[in-house]
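Please look over the sequence and the structure first, and then read the points grouped by topic.

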Amino acid sequence: MLYVESWAKKKIEKHDEEKKTVKHFKESLAKFVEKIAESGRLESPVIFFIDELDRCRPSFAIELLERIKHILSVRGIVFVLSLDRSQLSHAIRGRYGAGFDADGYLRRFIDLNFELPVVSPERYIDSLFSEFDLYNLGRSGERPGDDVSAAQEIIKQMAGWYDLSLRAIGQCITELTIAIRIAPQKHWLMCDMSAFFIVLRASKPELFEGYASGKLGTKELLSELSKAGVDKKHLEQTPWRGVGFFLHAWSRKPGEFQTTLNGWNSAFATARDLRQPSLEASYLELYHRYEANNQINAFEAVKNRLDFAKRFPS
């Protein structure tokens, strides 16, 4: 009995000490805000931004909200929380139970709620290309593959096929920017292929690694891509025609490209109407153009740039 009384007394004393500490901290914080306002260097209120709270560990996010409410609720200080409310509500219910009123719980801490409008992936991609000045980084019109507009269109289409999040899209465009910036001046940028491989690695890493290692041939890769929407009709159009060509030309599977090239030559030789060139004929045209500039074997150079760009966190 004496042990219980002693334990309870210590707990009460500790609680009283914590209350005094919190009170002293809030008073000191209030004085700090007053001095800032008096100095004229900053205007009151002092605003703290907390981004992506919903991505934190649920227990940490909940503890932080409670501390903001009970310890940091000082006049002249405002907290702006950036979060996915539905995700945070899900995390709260995961801690307190499926039937817990997570929205009611959050209303205890959030005085004003403002929902940002949903940004379409297409608009977001356009804004990032402008923000990163990619249009000026490219060498539009100088050489095939140097036009960043092709990369922009490829990212837009693939982001839709693979339902990429805005975060994933931003990471892809950051990697593309780095890959373009580090390309030597005399090297072709290969924007279209760089964009294609970056998004492929982000969405289907097993396909990228399989192709890069030679375990997956071009026909097998195109078969997998057709499930997402890349069909022959796409490959006949700009910018996919160049992508289709290089997927064949850069095949890591021994002997595959030579067999494909023989097929293109045969199809071109037997074509009845050369005024309406086939996809094979357009590939032959690209082959002769790129072979003359020694770009047929440029896969390793492009992959090395992409691997380097992947090192940098977005």
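A residue counts as buried when its relative accessible area is under 20%, and as exposed when that area is over 50%. Met190, with a relative accessible area of 0%, is therefore buried. The model described here is a predicted one. Its protein has 314 residues, of which 38% are buried.

**Overall architecture**

- The secondary structure of the protein consists of 16 helices and two strands.
- The accessible surface of the protein amounts to about 19400 Å², and carbon and sulfur atoms account for 52% of that surface.
- Of the contacts between residues at least 6 apart in sequence, 74% link residues at least 24 apart.

**Helices α5 and α8**

- In general, the packing of two helices is described by the angle between their axes together with the distance between the axes.
- Helix α5 spans residues 121-131 and helix α8 spans residues 166-181; their axes come within 10 Å and cross at roughly 30°.
- Angles under 35 degrees count as roughly parallel, and α5 and α8 are therefore roughly parallel to each other.
- The crossing in which α5 passes α8 is right-handed.
- On the α5 side the contact is formed by Pro121, Tyr124, Ile125, Leu128 and Phe129, and on the α8 side by Leu166, Ile169, Gly170, Ile173 and Leu176.
- By class, the residues of this contact between α5 and α8 comprise nine nonpolar, one polar and no charged.

**Helices α7 and α9**

- The axes of helix α7 (residues 148-161) and helix α9 (residues 191-203) come within 7 Å, crossing at roughly 25°.
- That crossing angle makes α7 roughly parallel to α9.
- Here too the handedness can be stated: α7 passes α9 in a right-handed crossing.
- From α7, the residues Val148, Ala150, Ala151, Ile154, Ile155 and Met158 meet Cys191, Asp192, Ala195, Phe196, Val199 and Leu200 of α9.
- The contact of α7 with α9 involves 11 nonpolar residues, no polar residue and one charged residue.

**Lys156 in helix α7**

- Lys156 lies in helix α7.
- Apart from residues up to four places away in sequence, Lys156 touches Glu122, Ile125 and Asp126.
- Lys156 and Arg123 are 33 residues apart along the chain, and their C-alpha atoms are separated by 9.4 Å.

- Most residues other than glycine have a negative phi.
- Asp163 has a phi near 50°, which is a positive value in a residue other than glycine.
- Asp163 belongs to the loop between α7 and α8, and with a relative accessible area of 69% Asp163 is exposed.
- Met190 likewise has a positive phi, near 55°, and is a residue other than glycine.
- Met190 sits in the loop between α8 and α9, and Met190 is buried.

**Leu235 in helix α12**

- Leu235 is located in helix α12, which covers residues 232-235.
- With a relative accessible area of 9%, Leu235 is buried.
- Beyond its neighbours within four places in sequence, Leu235 is in contact with Leu222, Val230, Trp240, Arg241, Gly244, Leu279 and Tyr283.
- The C-alpha atoms of Leu235 and Phe245 are separated by 8.5 Å, the two residues being 10 residues apart along the chain.

Conventions: Residues numbered from 1 in each chain as written. Predicted model: local features only at pLDDT ≥ 70, side-chain atom pairs only at ≥ 80, totals over all residues. Heavy atoms only, no water. Helix = DSSP H or I, 4+ residues; strand = E, 2+ residues; numbered from the N terminus. Buried < 20%, exposed > 50% of the residue type's maximum accessible area, 1.4 Å probe, protein only. Contact = heavy atoms within 4.5 Å. Areas by Shrake-Rupley, 256 points an atom, 1.4 Å probe, with all protein chains shown as cover. Axes fitted to C-alpha atoms, helices over the stretch in contact; angles between N-to-C directions. Parallel < 35°, antiparallel > 145°, perpendicular 65-115°, else oblique. Left-handed = near helix turned anticlockwise from the far one by under 90°. Nonpolar A, V, L, I, M, F, W, Y, C, P; charged D, E, K, R; others polar.
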